[in-house]
Amino acid sequence: MILIKAVLGNIGDREWAERLSAANTDLLEIDQWEAQKSRFRKTTAKGVEIAVSIDRGTHIRDGDVLLWDAQALSVLVARIELRDVMIVHLDELMSLAPKVAMRACVELGHAMGNQHWPALVKDNSVYVPLTVDRKVMASVMNTHRFEGIRYEFVPGREVVPYLAPHESRRLFGGAEGPVHSHAHESYAGVETETGRAYGHPPTHVHAHPGAARQGQTSPATAGSAHDHRE
């Protein structure tokens, strides 16, 4: 087992990009929750056992260089798969009457609260990680037709560079583990009056062991986010 105590750099850095152009690359594939940890064990894509023990408060980013052997020209790179993010743009509200803009913000907050969607507000945008299928999230947004508000879906890795570390942890991190929710179009619907997403059978509800023992449900896994529709 190889022990990693520090991050050496990132493949996005010019010096590392040039150095690794002809290197033999192995990948340490981790999810967004493991990336928030400073200590964990994992096996690389090529079968090498790795133990990560970096300084607390340090978090691994996608593309981080974890091991480098200059003689063998071999490198170990972190690969993090982040969920997509819905970005809700509020900048157009600035041109509307204050009462109209306030009403739109309250309605938006109410709709997101009904869905138990975690959200991060930064400047004139709201960032919402996908906790259900994007078709369901789009249906909710389209049903309400918020005035002066537009939205789009982007890959999580495109959002990270614009966030501070604590904002990234709020958006992508979480001790509750991944949200199992794959609502396929044929089984997804939205209530006309409330905009709340629902699913038709067949629906399989996943009971997370940790939550069952403690009798708790996190906001990110509440309501429709528990459903695994197949």
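In which strand is Val-154 found? Val-154 is found in strand 11. The model is predicted, so local features need pLDDT of at least 70, side-chain atom pairs count only at pLDDT 80 or more, and totals for chains, interfaces and linings use all residues. Residues are numbered from 1 along each chain as its sequence is written, and side-chain values use heavy atoms, without hydrogens or water.

**The chain as a whole**

- The secondary structure comes to six helices and 15 strands. Both are DSSP runs numbered from the N terminus: helices are H or I with at least four residues, strands are E with at least two.
- Of the 230 residues, 40% are buried. Buried means under 20% relative accessible area, exposed means over 50%, and partly exposed lies in between (1.4 Å probe, protein chains only).
- The accessible surface comes to about 13,100 Å². Carbon and sulfur atoms hold 50% of that surface. The areas come from the Shrake-Rupley method with a 1.4 Å probe; for residues, only the protein chains shown count as cover.
- Among contacts between residues at least 6 apart in sequence, 67% join residues at least 24 apart. Contact means heavy atoms within 4.5 Å.

- Four strands form an open, antiparallel sheet in the order 9-10-8-11. Two strands pair if DSSP finds at least two bridges between them.
- Strand 9 (120-122) and strand 11 (150-154) are the edges; each has a single partner strand, so one side of each lacks a neighbour in the sheet.
- Neighbouring strands of this sheet are turned by 25° against each other on average, direction ignored. Axes are lines fitted to C-alpha atoms, for helices over the stretch in contact, and angles run from 0 to 180 degrees between N-to-C directions.
- Strand 8 (residues 85-89) and strand 11 run antiparallel, joined by five bridges. Within strand 11, Glu-152 stands opposite Ile-87.
- Helix 3 (residues 134-144) packs on the sheet and touches strand 8, strand 10 (125-129) and strand 11. The direction of helix 3 makes about 175° with that of strand 11.

**Val-154**

- Val-154 is buried, at 11% relative accessible area.
- Leaving aside neighbours within four places in sequence, Val-154 contacts Asp-84, Val-85, Ile-87 and Val-159.

**Aromatic pairs**

- The whole structure holds two aromatic pairs. Rings of Phe, Tyr and Trp (its six-membered ring) pair if their centres lie within 6.5 Å; planes under 30 degrees apart count as stacked, over 60 as edge-to-face and the rest as tilted.
- Trp-16 and Trp-68 have ring centres 6.0 Å apart and planes at 90°, so this pair is edge-to-face.
- Trp-16 lies in helix 1 (residues 14-19) and Trp-68 in strand 6 (residues 64-69), so the pair ties together parts 52 residues apart in sequence.
- Trp-16 is buried at 5% relative accessible area, whereas Trp-68 is partly exposed at 23%.
- Tyr-151 and Phe-153 also form an edge-to-face pair, because their ring centres are 5.8 Å apart and their planes stand at 80°. Tyr-151 is partly exposed, at 27% relative accessibility.
- The charged end of Arg-19 sits over the ring of Trp-16, 4.3 Å from its centre. The criterion is NZ of Lys or CZ of Arg within 6 Å of the ring centre and within 35 degrees of the ring normal.

**The hairpin of strands 4 and 5**

- Strand 4 (residues 39-43) and strand 5 (residues 49-53) run antiparallel, joined by five bridges. Thr-43 has Glu-49 as its bridge partner in strand 5.
- Five residues lie between the strands of this hairpin, and Gly-47 takes a positive phi near 90°.
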